[in-house]
Amino acid sequence: MNARPRPGRVLRPSLRRLSRLVPGRWPRALLAVLATSALVLGAATAAAAPGRPSATRVAGATGSANATATAASSCNTHASSLRPSGPPQVTAGSFMAKIRARGYLIAGVDQSTYHFGFLSPLTGQIEGFDIDMIRAVAKAIFGDPSKVVFKAISDAQRIPDVESGTVDIVAHTMTITCDRLQMVDFSSVYFDAAQEVLVLNNSHATSLASLHGQKVCATSGSDSLTLIRKEGAVPVAATYWTDCLVLLQQGDVVAISTDNSILDGLAAQDPFTKVIGKPLTDEPYGLAISKQHPEFVRFVNAVLEQLRTDGQWGNIYQHWLGTPVPPPPKAQYAG
């Protein structure tokens, strides 16, 4: 019989910033520790994750779901989510109430994206910008940000895990796209990124288009692969972004192309790399939630609105990404 997961003991992120502990960029030896530890943790957390939460709809969910479907068909990725009904409240019979009764929030997160969701080799905990978003949701439900069980998942697992109810929510540098809106709901945009290119310092490449016919890495399940193929490069799929970095270091690919938020984290781990070219796409990030729980989407959006207005979003940005701190993405809603 599996032991009951213990939120806060399974993966309790430290608020210490790695850049304060490790001056400058990380050496390649430390990267190897990060990549290996991340894979071990992924297996452990997947085994520890509890069973599937209830997918029962609450009264009045049909109208909310229809509003989301309309948003998906019109495909305004910046205004595809549901408007909060007010401050975040755990109402009787809601999905939030079921989460509270369970005793912990189940979140699918990344384990290898430095700054956003990564296993720190120094603390043994998952930390990052996305992790702090999840902790804010947990605090709104429980009054305690530590009541979370983190499930480390790959890019390819994000939508299946949301759809199956294996996780309650996903925070995983996940871009809101038209195709994904047909399968899952998203929160309002909480971070804006753009796809760029990472190469070795000795590369003469100037853009993704200049890598025509050459191998470029991105993760399976990411929308980055589509643009790599469209620009004439040869896409190479890997499970995690640290896998892509290893392939680049070994000369098996000539570049990595994905969101600049991810590439900046990879460049911080290897001083022999650089980001090149101009931003290629707009990549608005949202927290993914099952279409079965529109009331949870509204609740999460209320939490994000608090983070924007009370300064917490800016504090989290500065903690993980430094200064200058831009204004948070303005919330837009479909209904």
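Trainee: How many cavities of 30 Å³ or more are there?

Mentor: Keep in mind that this is a predicted model. Rolling a probe the size of a water molecule over the atoms shows where empty space is left. With that rule, the count of cavities of 30 Å³ or more is 1.

Trainee: What volume lies in the largest cavity?

Mentor: The lining of the largest cavity includes Asp-155, Arg-158, Thr-173, Trp-241 and Ile-262. The space in the largest cavity is about 60 Å³.

Trainee: How do the lining residues divide into nonpolar, polar and charged?

Mentor: Take the lining by class. Asp and Arg count as charged, and Asp-155, Arg-158, Arg-180, Asp-223 and Asp-259 are among the lining residues. Trp and Ile count as nonpolar, and the lining includes Trp-241 and Ile-262. The division is 2 nonpolar, 5 polar and 5 charged.

Trainee: Now the cysteines. Which pattern do the disulfides follow?

Mentor: A disulfide is a covalent bond between the sulfur atoms of two cysteines. The count here is 2 disulfides. Cys-75 pairs with Cys-178, and Cys-217 with Cys-244. Counting bonded cysteines along the chain, the pattern is 1-2, 3-4.

Trainee: How many residues apart in sequence are the parts tied together by Cys-75 and Cys-178?

Mentor: The sulfur atoms of Cys-75 and Cys-178 are 1.5 Å apart. Cys-75 sits in the loop between α3 (61-74) and α4 (95-102), and Cys-178 in helix α7, so the pair ties together parts separated in sequence by 103 residues.

Trainee: Is Cys-178 buried or exposed, or partly exposed?

Mentor: Buried means under 20% relative accessible area, and exposed means over 50%. Cys-178 has a relative accessible area of 35%, so its class is partly exposed.

Trainee: Is the disulfide of Cys-217 and Cys-244 left-handed or right-handed?

Mentor: The S to S distance for Cys-217 and Cys-244 is 2.0 Å. Cys-217 lies in strand β10 and Cys-244 in helix α9, so the bond ties together parts 27 residues apart in sequence. Both Cys-217 and Cys-244 are buried. The torsion about their S-S bond is about -70°, so the disulfide is left-handed.

Trainee: On to charged pairs. Which residue forms a salt bridge with Asp-168?

Mentor: Side chains of opposite charge can pair when their charged atoms come close. The whole structure holds 4 salt bridges. For Asp-168, the closest N and O atoms are 2.7 Å apart, and the partner is Arg-102.

Trainee: Is Arg-102 buried or exposed?

Mentor: Asp-168 is in the loop between α6 (158-164) and β6 (169-171), and Arg-102 is in helix α4, so the pair ties together parts 66 residues apart in sequence. Asp-168 counts as buried at 2% relative accessibility. Arg-102 has a relative accessible area of 16%, so its class is buried.

Trainee: Where does Lys-291, the partner of Asp-185, lie?

Mentor: In the salt bridge of Asp-185 and Lys-291, the closest N and O atoms are 3.0 Å apart. Asp-185 counts as buried at 3%, whereas Lys-291 counts as partly exposed at 22%. Asp-185 belongs to strand β7, and Lys-291 to the loop between β15 (288-289) and α11 (294-309).

Trainee: Which helix holds Glu-305 and Arg-308?

Mentor: Glu-305 and Arg-308 form a salt bridge, with closest N and O atoms 3.0 Å apart. Glu-305 is partly exposed at 29%, and Arg-308 is buried at 13%. The two are 3 residues apart, about one helical turn, in helix α11.

Terms used. Residues numbered from 1 in each chain as written. Predicted model: local features only at pLDDT ≥ 70, side-chain atom pairs only at ≥ 80, totals over all residues. Heavy atoms only, no water. 1 Å grid on protein atoms, 1.4 Å probe; cavity = no way out; pocket = protein on both sides within 12 Å on 5 of 7 lines; lining within 4 Å. Points joined across faces, edges and corners; volume = space filled by probe spheres on them. Disulfide = S-S within 2.5 Å. Helix = DSSP H or I, 4+ residues; strand = E, 2+ residues; numbered from the N terminus. Buried < 20%, exposed > 50% of the residue type's maximum accessible area, 1.4 Å probe, protein only. Salt bridge = Lys/Arg side-chain N within 4 Å of Asp/Glu carboxyl O.
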